[in-house]
Amino acid sequence: MQINRVAIKRKSQELIHIHKPLPIYAGLIMLVLGILTSYLSARMVGMNITPAEMERYFKYVQEGNFEFAVRLLENFKPTPAATAINAALQIITSVISFGFVMFLMNIVRNTAPCLGNLLDGFGMFFKIVWLNILIYVFTTLWFTLFIIPGFIAMYRYRMAVYIMIDNPDMSALECIRESKRMMKNHKAELFVFDLSFFGWLLLASIPYLGYLVQVWTIPYMNLSYAVYYDALKNCPADAVFTEIPQSEDNSSNFEL
């Protein structure tokens, strides 16, 4: 039996309703954090070149003065301090995102979820950072071979974060290996599950209005993935994902 996407999404909606307004508050916090991080990163490491300076750059290139063109660009390179601060921001955001997943797992299992869970990742700070580094390196190496192996690697490692939450004593590499085992025969399935959120992602990409949509989609989508993991965890590696029971009343369901 294949994954019942509607049933998983229905369960996520019910969990949000039961625990509201906590999931919405957490989604708002993650949205604001993402916006601030993106803004600060753009300000610190972005190349703020004015139109006049860009015109000078192209003029140098057209004239063959490549040395002057390179020197002009170097004037707008981020300083080492700005690069270091930006890296620290990215690391802190990734740790808080890990705490957000912990918060969602507490909702799924009804184990006293609270907004303070967003900071729980700092108790595993170095393991989280190392896990993210390993996933990034392995995925990048696969992408250097070809696009398709890279995408396969992305799905192969998708459960590593959840596994580390459930098994804090496991090393980052062990979590990645276990994720590979869990995702055997399920990578295409999860890819289709991702596609089922396309409508929501499209709405979330609308300028300004998309921010309001993301307050809902951030907890809704990520909670759906947490529910998926929780069911997948009890599914044998060589078996097809067991269908979640579906109630007879489908009138309250919507799938974008």
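## How α6 and α9 cross

Helix α6 passes helix α9 in a right-handed crossing, meaning the near helix is turned clockwise from the far one by less than a right angle. This is a predicted model, where local features need pLDDT of at least 70, side-chain atom pairs count only at pLDDT 80 or more, and totals for chains, interfaces and linings use all residues. Residues are numbered from 1 along each chain as its sequence is written, and side-chain values use heavy atoms, with hydrogens and water left out.

α6 covers residues 125–145 and α9 covers 172–182; they pack at about 50 degrees with their axes 9 Å apart. On the α6 side, the contact (heavy atoms within 4.5 Å) uses Lys127, Trp130, Leu131, Leu134, Ile135 and Phe138. α9 brings Ala172, Leu173, Cys175 and Ile176.

## The buried face of α9

Which residues of α9 are buried? They are Ala172, Cys175, Ile176, Ser179 and Met182, with buried meaning under 20% relative accessible area (1.4 Å probe, protein chains only). Seen down the axis of α9, these residues fall within an arc of 120 degrees, so they line one face of the helix. They pack against α6, α7, α8 (160–166) and α12.

## The buried face of α10

Helix α10 (residues 187–195) buries Glu189, Leu190, Phe193 and Asp194. Down its axis, the buried residues of α10 sit within an arc of 145 degrees, so they too line one face. Their cover includes α1 (5–19), α7 (147–156), α11 (198–204) and α12 (209–232).

Technical notes
Buried < 20%, exposed > 50% of the residue type's maximum accessible area, 1.4 Å probe, protein only. Helix = DSSP H or I, 4+ residues; strand = E, 2+ residues; numbered from the N terminus. Arc of directions from axis to C-beta. Axes fitted to C-alpha atoms, helices over the stretch in contact; angles between N-to-C directions.
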